[in-house]
Amino acid sequence: MELTTEQFSKLSKLVYKKLGLQFDDKKIYFLNKRVEKRMTHLELKTADEYLFQLGYCDANGDEMQALANLITTNETYMFREYEQLGAFADVCLPELVAAKQKTADRRIRVWCAGCSSGEEAYTLAVIIREVFPDSKNWDIQIVATDIDENMLQLARNAVYGDRSVKFVPAEYRKHLIPTATGSRIDPETAKLVRFQKLNLNDQTQMKAMRGFDFVFCRNVLIYFDDVSQRNVVNNFYDALNRNGYIFLGHSESIGRITSAFHLKKTEGHLLYRKE
Ligand SMILES: C[S@@+](CC[C@H](N)C(=O)[O-])C[C@H]1O[C@@H](n2cnc3c(N)ncnc32)[C@H](O)[C@@H]1O
């Protein structure tokens, strides 16, 4: 089966509308293979039948979900983009804790958006427990979200192979419990994280996310076009508390997407904060 240019255009428009993901002409082969898989599963003979099913017979979104599980890029590992995590650990978290200590507020909320199989969310849990020992007496939650159900299942399982944990510093390895197939995240650390399915392009779901002190959305927006990026980042702005920080990936420049955040230069780090 080969998608014609017209079929590819229809498919990429549908995917863009529902998921915000952009696939240019170079991705025709990639989408072809994924559509073929879905057609075999659904016992459909032609791409037109599949497009009809996706466009007109998918009121509950199950087919778009099944396709999303096949077309998202899920690459991740613990302690990815280490420098930025340093800024979180050394600057942002201590600043937030000090500010909250002056009040009765003992709650910290982190949103890890586009968490894939969970390594990033557990990395944040490890950091919080390590740099803020009193965290056990606070109400702390990392809400980790992704659109891909298969990844969320792996994330909840919390068992990882060597590739995922390769960059965990030696002194933090106590949060990993060896198992027959790899390493399990220590349950005390894992319990800081709650996983939830969420589509970053679903306005209703996004508007329900409020009261966060930090938003991490790294290596996700690169797959979105400018309009979706702006839309998603505006929603992050609304989801953050005042003085909350946003962290995007190295290749995702927030300054290019919005001017809503205040740029703060501290200890060699460029940080973006809601003022
Ligand atoms: C490359 S991974 C990034 C993982 C992690 N944040 C990191 O930096 O290591 C991108 C993730 O974004 C998710 N994603 C893509 N489009 C999404 C959408 N519309 N809503 C929610 N998650 C999405 C994918 O399922 C994938 O797991």
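**Exercise 1.** State in which strand Phe195 has its place, and decide whether Phe195 is buried or exposed.

*Solution.* Phe195 belongs to strand β6, residues 193–197. Strands (E, at least two residues) and helices (H or I, at least four) are DSSP runs, numbered from the N terminus. The model is predicted: local features need pLDDT of at least 70, side-chain atom pairs count only at pLDDT 80 or more, and totals for chains, interfaces and linings use all residues. Residues are numbered from 1 along each chain as its sequence is written, and side-chain values use heavy atoms, with hydrogens and water left out. Phe195 counts as buried because its relative accessibility is 10%. The scale calls a residue buried under 20% relative accessible area, exposed over 50% and partly exposed in between, with a 1.4 Å probe and protein chains only.

**Exercise 2.** Find how far N or O atoms of Asp146, Arg80 and Leu19 lie from the ligand, and how much of the ligand the protein buries.

*Solution.* Take the side chains, then the backbone. An N or O atom in the Asp146 side chain is 2.6 Å from a ligand oxygen atom. For the Arg80 side chain, the distance from an N or O atom to an oxygen atom of the ligand is 2.8 Å. Leu19 takes part through its backbone, where an N or O atom lies 3.0 Å from a nitrogen atom of the ligand. The protein buries 99% of the 600 Å² that the ligand exposes when taken alone; these areas come from the Shrake-Rupley method with a 1.4 Å probe.

**Exercise 3.** Which residue does the side chain of Asn219 meet in a polar contact, and at what distance?

*Solution.* First place Asn219: it lies in the loop between β7 (212–217) and α11. With a relative accessible area of 14%, Asn219 is buried. Its side chain and that of Glu81 are joined by a polar contact of 3.5 Å. Such a contact is a pair of N or O atoms within 3.5 Å; within protein, one must be able to donate a hydrogen and the other to accept it, and residues adjacent in sequence count only if both atoms are side-chain atoms. Glu81 sits in the loop between α4 (62–71) and α5 (82–101), and its 15% relative accessibility makes it buried.

**Exercise 4.** Give the phi of Glu81 and of Asn243.

*Solution.* Begin with the background: most residues other than glycine have a negative phi. Glu81, not a glycine, has a positive phi of about 50°. Asn243, not a glycine either, has a positive phi of about 70°. Asn243 is part of strand β8, residues 240–248, and is partly exposed because its relative accessible area is 32%.
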